[in-house]
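Please look through the sequence and the model shown here. The report that follows takes up selected parts of the chain in turn.

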Amino acid sequence: MGLFGKDKAGTGTATPTGGDPLAVLRHKYDPVVRLMHQLGVQVQTVDLEGGKLRLRGQAPSEDAKNKVWDQIKAIDPTYSDLNAQITVVAGGGAATGAGAGGGSYTVQKGDTLSKISKQYYGDPNQYNRIFEANRDQLKDPDKIFPGQVLKIPR
């Protein structure tokens, strides 16, 4: 079956096996990163350090931070393969520009600005809003790469 196999629950979702440890750990903790985006937690770092997934973020509230940690513990109560640091931004959500349709997003393999736009705004044609907000790191709306952290404007 190549690099991917069925998940443990047998739902047919492809999961990376063997090979790239970063890909395996990113897949394992993907629900955490998705929740962070939903809660308006600004994701700053998702990479591999010392064989562990390093996850850094700034939460708009203590409640959001606690929900992220609950999700981490639900995936793996020992989280021995994760080094996470979630801080709370002074002043709450206003500092991150978070909320419905706002925050940040870490680009995954296969993503396009249109796909991300559809996820956040319900309209793939709003991709230019994301492109314009990220002009500092994007020169072409068709060239985004896994691991990039994009600002998602309201």
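In helix H2, the residues Asp-30, Val-32, Val-33, Leu-35, Met-36 and His-37 are buried, where buried means under 20% relative accessible area, exposed over 50% and partly exposed in between, with a 1.4 Å probe and protein chains only. Helices (H or I, at least four residues) and strands (E, at least two) are DSSP runs that are numbered from the N terminus. Just after H2, Gly-40 takes a positive phi of about 80°.

This is a predicted model, in which local features need pLDDT of at least 70 and side-chain atom pairs count only at pLDDT 80 or more, while totals for chains, interfaces and linings use all residues. Residues are numbered from 1 along each chain as its sequence is written, and side-chain values use heavy atoms, with hydrogens and water left out.

**H2 against H3**

The axes of H2 (residues 30–39) and H3 (residues 62–75) come within 9 Å and cross at roughly 165°; these axes are lines fitted to C-alpha atoms, for helices over the stretch in contact, and the angles run from 0 to 180 degrees between N-to-C directions. The two helices, H2 and H3, are therefore roughly antiparallel to each other, since angles over 145 degrees count as roughly antiparallel, under 35 as roughly parallel, 65 to 115 as roughly perpendicular and the rest as oblique. On the side of H2 the contact is made by Pro-31, Val-32, Leu-35, Met-36 and Leu-39, and on the side of H3 by Ala-64, Lys-67, Val-68, Gln-71, Ile-72 and Ile-75, contact meaning heavy atoms within 4.5 Å. By class, this contact of H2 with H3 has nine nonpolar, one polar and one charged residues; Ala, Val, Leu, Ile, Met, Phe, Trp, Tyr, Cys and Pro count as nonpolar, Asp, Glu, Lys and Arg as charged, and the others, Gly among them, as polar.

Tyr-79 has a positive phi of about 30° although it is not a glycine. Leaving aside its neighbours within four places in sequence, Asp-81 is in contact with Leu-25, Lys-28, Tyr-29, Lys-52, Leu-53 and Asp-76.

The rings of Tyr-105 and Tyr-120 have their centres 6.0 Å apart and their planes at 80°, so the pair is edge-to-face. This pair links distant parts of the chain, with Tyr-105 in strand E6 (residues 103–106) and Tyr-120 in helix H4 (residues 113–121), 15 residues apart. Helix H4 also holds Ser-117, which, leaving aside its neighbours within four places in sequence, is in contact with Gly-122, Asp-123, Pro-124, Asn-125, Gln-126, Tyr-127 and Ile-130.

| Residue | Relative accessibility | Class |
|---|---|---|
| Tyr-79 | 28% | partly exposed |
| Asp-81 | 16% | buried |
| Tyr-105 | 4% | buried |
| Ser-117 | 0% | buried |
| Tyr-120 | 15% | buried |

**The chain as a whole**

Buried residues make up 38% of its 154 residues.

Terms used:
Phe/Tyr/Trp six-rings, centres within 6.5 Å; stacked < 30°, edge-to-face > 60°.
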